[in-house]
Amino acid sequence: MAEVKEHIAAPRMYIGVLIALMILLVATIITAFIDLDAWTTAHHLGAGWNTVVALLIAMLKAALIALFFMHLKYASRLTWVFASAGVVWLGIMLTLTMSDYFTRNHPPGVNAKGEPNYIVEPAPPGHPSPRIDNYPGQPGSYH
Amino acid sequence: MSATATNIHSPPNSGDAHLQHQFKNADQQRESATLGMWLFLGTEVLFFGGLFVSYAIYRVRWPDDFREGSLDLKWYLGGLNTAILLLSSFFMALGVRASQQGDNRRVIRHLLATIALAVAFLGVKGMEYYLEYDEGLVPGESFRLQPPPRSSESALTRGMGSFERWTGKYVPNADEHGQRTRREQLFMCFYFIMTAIHATHMLIGIGLMTWLMMLARRRAFSAAWHNPVEVVGLYWHFVDTVWVFLFPVLYLLRNP
């Protein structure tokens with residue numbers, strides 16, 4: 001193991017990182033109140049951009065904390081391997097799990113967006129009407 | 001520690017009584033300590049990661065209910081807590097820096113600031129839990145489908161009146177029948193479990209920092225040996241990082 005001499009950073013660096021983190025905190029709150037999807041869907045860029053932006057800002061903040069507060073920038077290669085291992089395995093878990101759930105035919109009869117996959121026949125008189133989870137406005141829906 | 005007698009690598013009077021015999025020098029020992037902490041933090045990433053993945057599954061499944069649930073949380077208290085925690089991390093970094101220079105008095109000062117901010121965080125968190133209990137947001141029997149009317153007598157306006165005026169009129173988070181959705185409880189389950197586990201980590205961190213302050217009072221840390229401060233610092237920054245992800249994921253779902 002090639003040990004690394006300890007690096008003592010200037011206080012100025014910590015203050016700079018703190019200011020950057022606070023700016024990012026304000027940025028994440030401001031973007032949360034703006035409906036980005038209203039613009040992106042109008043320009044055919046898809047939906048869900050608020051979540052993407054919020055997570056990107058969170059990752060940027062985490063990177064700042066890890067690199068400077070946790071001294072990863074000055075750490076050995078081996079420390080980098082240890083630090084990224086958990087994130088990589090979390091990425092695998094998230095990717096495989098979500099690839100299942102995004103492509104699954106969601107029971108009972110709804111897709112991932114909560115829309116019904118098929119039309120439910122109205123129940124015969126005297127029988128409780130079938131329930132479709134998460135489909136508001138349906139008679140007998142569980143909402 | 002009686003490592004000095006058995007230490008064959010450093011002369012007896014090198015001033016480094018903490019160097020264990022299996023290490024070549026203080027730098028190698030410090031790197032082993034931080035490496036061990038990073039390994040532990042890797043398991044912590046997966047521990048919290050499991051919660052985040054299950055959260056993602058249910059949020060994809062029921063996005064509207066999660067949005068409704070998030071609107072019932074107080075984003076300004078979550079934001080305030082984020083700022084408090086980032087500031088505490090800053091003071092922790094300064095404490096680690098002081099320990100690198102072997103300045104025990106400054107270590108104590110910075111750790112005190114970190115602990116004070118951590119206690120402030122837990123205080124705000126406790127107040128939030130109380131307000132949520134008061135509004136009937138706790139899942140289970142006490143979960144209220146009918147949000148309480150926003151009168152001047154409610155706990156929120158008693159404590160947070162100026163905040164409510166500042167953030168605009170209260171809009172009950174309910175469907176066209178004035179009801180909360182039953183599945184909002186699922187979001188609240190995630191909220192309570194994730195924030196409670198995070199708060200538990202903070203309590204452990206406060207305990208560790210108290211131990212560090214006791215060591216620093218005895219002038220235990222030197223430029224050559226301050227591994228406990230370094231390692232607890234890593235832990236504290238990790239707890240901060242978890243909250244950095246929890247805040248947007250739980251509080252900021254206005255436009256998901």
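**Arg30(B) is buried, with a relative accessible area of 7%.** Buried means under 20% relative accessible area, exposed over 50%, and partly exposed in between, with a 1.4 Å probe and protein chains only. This is a predicted model: local features need pLDDT of at least 70 and side-chain atom pairs count only at pLDDT 80 or more, while totals for chains, interfaces and linings use all residues. Residues are numbered from 1 along each chain as its sequence is written, chains are lettered from A and ligands numbered from 1 in the order in which they are written, and side-chain values use heavy atoms, leaving out hydrogens and water.

**Glu6(A) pairs with Arg30(B) in a salt bridge.** The closest N and O atoms are 3.5 Å apart. A salt bridge is a side-chain nitrogen of Lys or Arg within 4 Å of a carboxyl oxygen of Asp or Glu. This pair crosses between chains: Glu6(A) sits in the segment before α1 (11-33) of chain A, and Arg30(B) in helix α2 of chain B. Helices are DSSP runs (H or I, at least four residues), numbered from the N terminus. Glu6(A) is partly exposed, at 23% relative accessible area.

**Asp65(B) and Arg183(B) form a salt bridge at 3.3 Å, N to O.** Asp65(B) belongs to helix α3 (residues 63-71) of chain B and Arg183(B) to the loop between α6 (155-167) and α7 of chain B, so the pair ties together parts that are 118 residues apart in sequence. Both Asp65(B) and Arg183(B) are buried.

**Arg67(B) and Glu68(B) are joined by a salt bridge.** Their closest N and O atoms are 3.8 Å apart. Arg67(B) is partly exposed at 27% relative accessibility. Glu68(B) is buried, at 18%. Elsewhere, salt bridges that share partners link Glu6(A), Asp27(B) and Arg30(B) into one network. Over all chains, the structure holds 8 salt bridges.

**Lys61(A) is buried yet has no salt bridge.** The residue is part of helix α3 (residues 49-69) of chain A. Its nearest side chain of opposite charge, Asp240(B), is 7.8 Å away. Here Lys and Arg count as positive and Asp and Glu as negative; His and the chain ends are not counted. Leaving aside neighbours within four places in sequence, Lys61(A) contacts (heavy atoms within 4.5 Å) Leu21(A), Leu24(A), Leu25(A), Thr28(A), Thr82(B), Leu86(B) and Val244(B).

**Helix α2 of chain B kinks by about 25°, centred on Gly49(B).** The bend at a residue is the angle between axes fitted to the seven residues ending there and the seven starting there. The helix covers residues 26-61, which is 36 residues. Its first and last C-alpha atoms are 52 Å apart, close to the 52 Å expected. The expected span is 1.5 Å times one less than the number of residues. At the start of α2(B), a side-chain oxygen of Asn25(B) reaches to within 3.3 Å of the backbone nitrogen of Asp27(B).

**Helix α4 of chain B is mostly covered.** Of its 26 residues, 22 are buried. The helix (residues 75-100) reaches 37 Å from first C-alpha to last, close to the 38 Å expected. Just after α4(B), Gly102(B) takes a positive phi of about 70°.

**His44(A) has a positive phi of about 55° although it is not a glycine.** His44(A) lies in the loop between α2 (36-42) and α3 of chain A. The residue is exposed, with a relative accessible area of 74%. Arg219(B), also not a glycine, has a positive phi of about 55°. Arg219(B) is in the loop between α7 (184-217) and α8 (227-251) of chain B.

Technical notes:
Helix = DSSP H or I, 4+ residues; strand = E, 2+ residues; numbered from the N terminus. Polar contact = N/O pair within 3.5 Å; in protein donor to acceptor, adjacent residues only side chain to side chain.
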